[in-house]
Amino acid sequence: MPFQPRELFPDRSARDLFGAEIRRHREKADMSLRRLSEVLNYSKSHLARIEGAESLPYDDLPAKLDACFGTDGLFARLYALAKNEPFPGKYRRVVEIESRAVVIEQYISGSASGLLQTPEYAESLMRGVHPHAPHAEIEAMVKARVDRQALLDRPKPPRCWFILDEAVLRRPVGGSEAMRDQLASLIRRGTESHVTIQVLPFAVGEHPEMLGGALTLYTVPEGPQVAYEEGSRSGTIIEDRGGVAVRRENYDLLRAMALSPRDSEAMIRAVMKDWTHADQPGPEHCRVAQEQLQQW
């Protein structure tokens, strides 16, 4: 199947405008992405993400583009605007809804919620998801993710309810120390009056969201509830009343199947000990881990 470039909306986003201008000048010069990457001495995969408004440049690329196309500072000026949009367009509306929500309810199966990730955990996760991204791009993505967490510390924060699959606690991300710090952070957040954290243990077996990655319900002031489903490479906002009602019921079932907040904290603390022992594996560690798995 031939490559289909992502549709851009330069009238809605400075990031899209930056990418659209790269595409316009490249096609006007009859250059492929590969040829442009060779001329600029720049990664073709990263250049493709920038042209598709999925990423921003974090070095001298705007100046290189201006020199290549003779555009007299156009790309430097566009970048000054685009860098103020830390999230790609496909996520921007979700982030806007999230910033207005008075209640956020989330189930996540593969990793800690972005609203709960430590910087070290987030960096390791981003490096795993984007193995070919430049270091500066990873840093920018981590900063954007951590900056989102400020809404939890506002004077009037949203009421937040997080249901984490047990896999979140046990899948190593960033090594033992990063996992211990991440789990300790979950425990600290769980003590805040506006945050509730529950763990959905493996022992519950099948459940309504087994085939999904993450489900979030947003309650916004004077508006209908909004659902958001996210997979590894895409996300969908659900606003129709029937679709939201189905996700609402699924979430309520997950909440009923999950451990209580108190038992969830106990499980997180037990798994933290596993990550401590993981630095010094031995027969005793294996025995303790097996006993804890049987308990939960």
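Biologist: What makes both faces of β3 count as covered?

Modeller: V195, I197 and V199 on one side are buried, and so are T196, Q198 and L200 on the other. Buried means under 20% relative accessible area, with exposed over 50% and partly exposed in between (1.4 Å probe, protein chains only). This is a predicted model, in which local features need pLDDT of at least 70, side-chain atom pairs count only at pLDDT 80 or more, and totals for chains, interfaces and linings use all residues. Residues are numbered from 1 along each chain as its sequence is written, and side-chain values use heavy atoms, leaving out hydrogens and water.

Biologist: Why is β3 called largely enclosed?

Modeller: Six of its six residues are buried, so the rest of the structure largely encloses β3.

Biologist: How do you know that β2 and β3 pair?

Modeller: Pairing takes at least two bridges found by DSSP between two strands. Six bridges join β2 to β3, so the pair qualifies. The two strands run parallel. F162 has I197 as its bridge partner in β3.

Biologist: What makes β1 and β4 partners?

Modeller: Six bridges again, between residues 103–108 and 214–219, but here the strands run antiparallel. V103 stands opposite T219 in β4.

Biologist: Which strands form the open sheet, and in what order?

Modeller: Six strands, ordered β3-β2-β1-β4-β5-β6, with mixed pairing. Strands here are DSSP runs of E, at least two residues long; helices are runs of H or I, at least four long; both are numbered from the N terminus.

Biologist: Why are β3 and β6 called edge strands?

Modeller: β3 (195–200) and β6 (235–238) each have a single partner strand, so one side of each has no neighbour in the sheet.

Biologist: Where does helix α10 lie?

Modeller: Helix α10 (residues 176–190) lies across β2 (159–165) and β3, at about 130° to β3. Angles run from 0 to 180 degrees between N-to-C directions of axes fitted to C-alpha atoms, for helices over the stretch in contact. Contact means heavy atoms within 4.5 Å.

Biologist: What makes a set of residues a nonpolar core?

Modeller: Its members are buried Ala, Val, Leu, Ile, Met, Phe, Trp, Tyr and Cys residues, joined through side-chain atoms within 4.5 Å. The largest one here has 37 residues. F162, L183 and I197 are among those with the most contacts inside it. Leaving aside neighbours within four places in sequence, L183 touches L169, I268, V271, M272 and W275. A second, separate core of 18 residues includes F18, L36, L40 and F69.

Biologist: How much of the protein chain is buried?

Modeller: Buried residues make up 48% of its 296 residues.
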